[in-house]
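Here is a short report on one protein structure. Look at the model first, then read on.

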Amino acid sequence: MPRWEHGSEERMRQAAMELFEEQGFEATSAVQIAERARVTTRTFFRYFPDKEEIFFADANVLTEALVEELLRTPDLTQPLPAVIRTLAGYDWESLGSREDLRRRGRLIASDPRLLERDLIKQHQMADRFRRALVERGVDPDIAELAAGTGSQIFRAAYRKWLDGDDEADLATITETVMSLLTAIVSPARSPRERRRAPTG
């Protein structure tokens with residue numbers, strides 16, 4: 001079997017996704033992925049510590065890029081919108097086509113271990129946002145709330161964006177989700193409540 005190093009990482013990613021879809025994540029081994037990608041098992045483990053990491057190998061680089069963008073934000077007097085804008089403004093399709101991102105999402109949702117690692121990565125990203133906000137002078141309690149809430153709002157919008165058609169705009173969807181949160185936190189008062197409210 002011919003083996004070569006050039007392009008190995010991308011071939012292994014592609015082979016893994018194919019095998020995961022064909023026979024399931026649990027039933028797929030690192031050896032099978034290496035064979036499908038035509039590399040040695042040793043080469044596989046040089047790139048990935050385990051098969052789960054195929055989904056998350058770029059997570060740390062992505063987090064650092066987003067944190068740098070947040071730190072460059074000129075005005076952080078409203079940290080929650082700043083976190084949301086940073087996330088919504090990223091070119092997520094640079095990580096793969098919408099369909100590839102959907103496939104990744106479906107595969108992660110199908111396996112408890114992948115879901116657990118995904119949640120850990122999300123938490124780590126939110127914590128880096130928190131530290132970046134504190135570094136920029138935001139009160140620590142506010143920074144924690146803004147980072148955690150902003151990340152959750154964006155994740156809800158991101159899921160809707162993935163499930164929508166290819167014309168769906170992530171920034172617009174994110175604004176809609178943010179409006180839902182505003183309605184929950186500050187619901188419109190009923191006419192009776194408005195009549196009872198003090199006027200002066």
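Which residues in H1 meet which residues in H6? Met17, Glu18, Phe20 and Glu21 of H1 touch Arg103, Arg106 and Leu107 of H6. Contact here means heavy atoms within 4.5 Å. By class, this contact has three nonpolar, no polar and four charged residues. Ala, Val, Leu, Ile, Met, Phe, Trp, Tyr, Cys and Pro count as nonpolar, Asp, Glu, Lys and Arg as charged, and the others, Gly among them, as polar.

This is a predicted model, in which local features need pLDDT of at least 70, side-chain atom pairs count only at pLDDT 80 or more, and totals for chains, interfaces and linings use all residues. Residues are numbered from 1 along each chain as its sequence is written, and side-chain values use heavy atoms, with hydrogens and water left out.

**How the helices cross**

The helix names come from DSSP runs (H or I, at least four residues), numbered from the N terminus. Axes are lines fitted to C-alpha atoms over the stretch in contact, and angles run from 0 to 180 degrees between N-to-C directions.

| Pair | Axes | Angle |
|---|---|---|
| H1 and H6 | within 11 Å | roughly 55° |
| H7 and H8 | 8 Å apart | about 140° |
| H1 and H2 | within 8 Å | roughly 120° |

Angles under 35 degrees count as roughly parallel, over 145 as roughly antiparallel, 65 to 115 as roughly perpendicular and the rest as oblique. H1 and H6 are therefore oblique to each other. H7 and H8 are oblique too, because of their angle.

Handedness is the next point. A crossing is left-handed if the near helix is turned anticlockwise from the far one by less than a right angle, and right-handed if clockwise. H1 passes H6 in a left-handed crossing. The crossing of H7 and H8 is right-handed. H1 also passes H2 in a right-handed crossing.

The contact of H1 with H2 (residues 30–37) uses Arg11, Met12, Ala15, Ala16, Glu18, Leu19, Phe20, Glu22 and Gln23 of H1. On the H2 side are Gln32, Ile33, Arg36 and Ala37. Its classes are seven nonpolar, two polar and four charged residues.

The contact of H7 with H8 divides into eight nonpolar, four polar and four charged residues.

**Two pockets**

A pocket is found on a 1 Å grid over the protein atoms alone, as an open set of points where a 1.4 Å probe fits, with protein on both sides within 12 Å along at least five of seven lines. Lining residues have an atom within 4 Å of a point. Grid points are joined across faces, edges and corners, and a volume is the space filled by probe spheres set on the points.

The largest pocket has a volume of about 990 Å³. It is lined by 37 residues, and Phe55, Phe56, Leu62, Leu95 and Arg104 are the closest to its centre. H1 (8–23), H4 (59–71), H6 (98–109), H7 (112–135) and H8 (140–163) each supply at least two lining residues. H7 gives the largest share, nine residues. The lining holds 17 nonpolar, eight polar and 12 charged residues.

The second largest pocket holds about 370 Å³ of space. Its lining has 17 residues, and Gly105, Ala109, Asp118, Arg155 and Arg159 lie nearest its centre. H6, H7 and H8 each supply at least two residues. Here H6 gives the most, with seven residues. By class, this lining has seven nonpolar, three polar and seven charged residues.

Where is Ala168? Ala168 sits in the loop between H8 and H9 (170–185). Not counting residues up to four places away in sequence, Ala168 touches Arg98, Trp161 and Ile173. Ala168 and Arg136 are 32 residues apart in sequence and 33 Å apart in space, C-alpha to C-alpha.
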